[in-house]
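Thanks for making time for this.

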Amino acid sequence: MRTILVGSRKSRLALIQSRYVIGALSGLSPDFDFQIRHIVTKGDRILHVTLSKVGGKGLFVKEIEQALLDGTIDFAVHSMKDMPAELPDGLEIASVPVREDARDMFFSRNGASLEELPSGAVVGTSSLRRAAQLLHFRPDLRVQSVRGNVDTRMAKLKNGEFDAIVLAAAGMKRMGLPELKTAEYLPFGVSLPAVGQGALAIECRSGDAELKALLKKINDEETAVTVRAERAFLKKLNGGCQVPIAAFCECKGDTGLALTGLVASPDGATVLKTRLEGTDPDVLGTQAAGELLARGAGKILSEFSN
Ligand SMILES: NCc1[nH]cc(CCC(=O)O)c1CC(=O)O
């Protein structure tokens with residue numbers, strides 16, 4: 001019997017995601033049991049600063065990756081969209097479970113849809129990607145940054161600090177929040193999600209063959225290949241989670257992939273968008289990014305290089 005140590009942030013969503021993976025693995029082999037080890041990341045510690053201003057990629061993963069390299073934990077479950085495009089030597093994403101809903105969701109205090117929201121209404125989001133797309137669709141709205149976990153943000157919506165907020169549907173669904181019932185799912189044409197949104201990344205040491213064989217059993221090939229294309233797009237644009245970059249890839253037929261990618265200026269005035277089809281995820285993501293770079297995406301993104 002081997003005890004597998006699972007590193008997890010302490011937030012409600014992180015623990016739900018870690019427990020979900022442990023639950024999926026538990027029935028698969030009698031040779032392993034699992035224990036969660038809590039890890040505090042930089043992103044958890046600096047809650048008062050707008051994320052895009054904190055700087056540095058992988059705010060929610062660095063300390064966890066160090067624990068993996070040190071051997072104090074064996075694997076960790078991340079939100080895929082928090083993962084930087086490149087991993088440290090010696091670590092890999094060994095498994096990508098089936099994707100949850102990738103869409104963004106719009107929650108307003110009085111039930112108004114994004115289209116119905118009155119001019120000048122204040123929408124809370126700390127994501128440059130969401131801010132840019134919201135302002136592109138509704139230039140008459142005001143966007144203000146909001147930090148804190150999902151519960152904190154909901155409280156700020158209810159007490160009137162904001163007229164509306166935007167959150168990932170995946171997080172809301174995993175947490176089973178009642179507010180889901182009245183919220184509006186934003187279509188990809190209005191809010192294209194972050195790279196990897198709704199997917200999980202299970203990261204472990206490349207050398208741990210025994211554990212990798214177990215983790216592979218809950219890998220979902222369709223999620224893995226589509227997220228791979230999105231991450232190739234991100235890598236070519238040299239971006240992390242905190243940049244106005246969005247992408248979503250879907251499978252078409254048996255071997256086909258279709259990727260929509262976007263780079264926007266934070267004020268929403270400029271939105272560069274492309275849709276390409278292909279078969280190789282790395283080539284497709286790189287090609288889509290190359291097209292946007294040729295159309296001027298580099299200039300927009302150079303303001304966020306960190
Ligand atoms: N940036 C924080 C973060 N990382 C993952 C999720 C939600 C779950 C997911 O997208 O997989 C969230 C919250 C949000 O964007 O609303």
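Before anything else, a word on terms: I call two strands paired if DSSP finds at least two bridges between them. Please also keep in mind that what you see is a predicted model.

With that criterion, strand E5, residues 104-108, and E9 pair in the antiparallel sense, over two bridges. Within this part of the sheet, Met-105 stands opposite Tyr-185, which belongs to E9. Stepping back, the sheet is an open one of five strands, in the order E7-E6-E8-E5-E9, and its pairing is mixed. Its edges are strand E7, residues 142-144, and strand E9, residues 184-185, each of which pairs on one side only.

Helix H5, residues 128-137, packs on this sheet, where it touches E5, strand E6 (122-124), E7 and E8, and its direction makes about 170 degrees with that of E7. Helix H6, residues 150-158, lies across E5, E6 and E8, and runs at about 160 degrees to E8.

Now to the ligand: which residues are the closest to it? Ten residues surround the ligand, and the closest are Ser-79, Leu-167, Ala-168, Ala-170 and Gly-171. Two elements give two or more residues to this shell, namely strand E8, residues 164-168, and helix H7, residues 169-175. As for the domains, at least three residues of the shell come from each of domain 1 (2-98 + 199-219) and domain 2 (104-185).

Definitions and conventions: Residues numbered from 1 in each chain as written. Predicted model: local features only at pLDDT ≥ 70, side-chain atom pairs only at ≥ 80, totals over all residues. Near = placed C-beta within 6 Å. Helix = DSSP H or I, 4+ residues; strand = E, 2+ residues; numbered from the N terminus. Domains from an automatic or database assignment. Contact = placed C-beta atoms within 7 Å. Axes fitted to C-alpha atoms, helices over the stretch in contact; angles between N-to-C directions.
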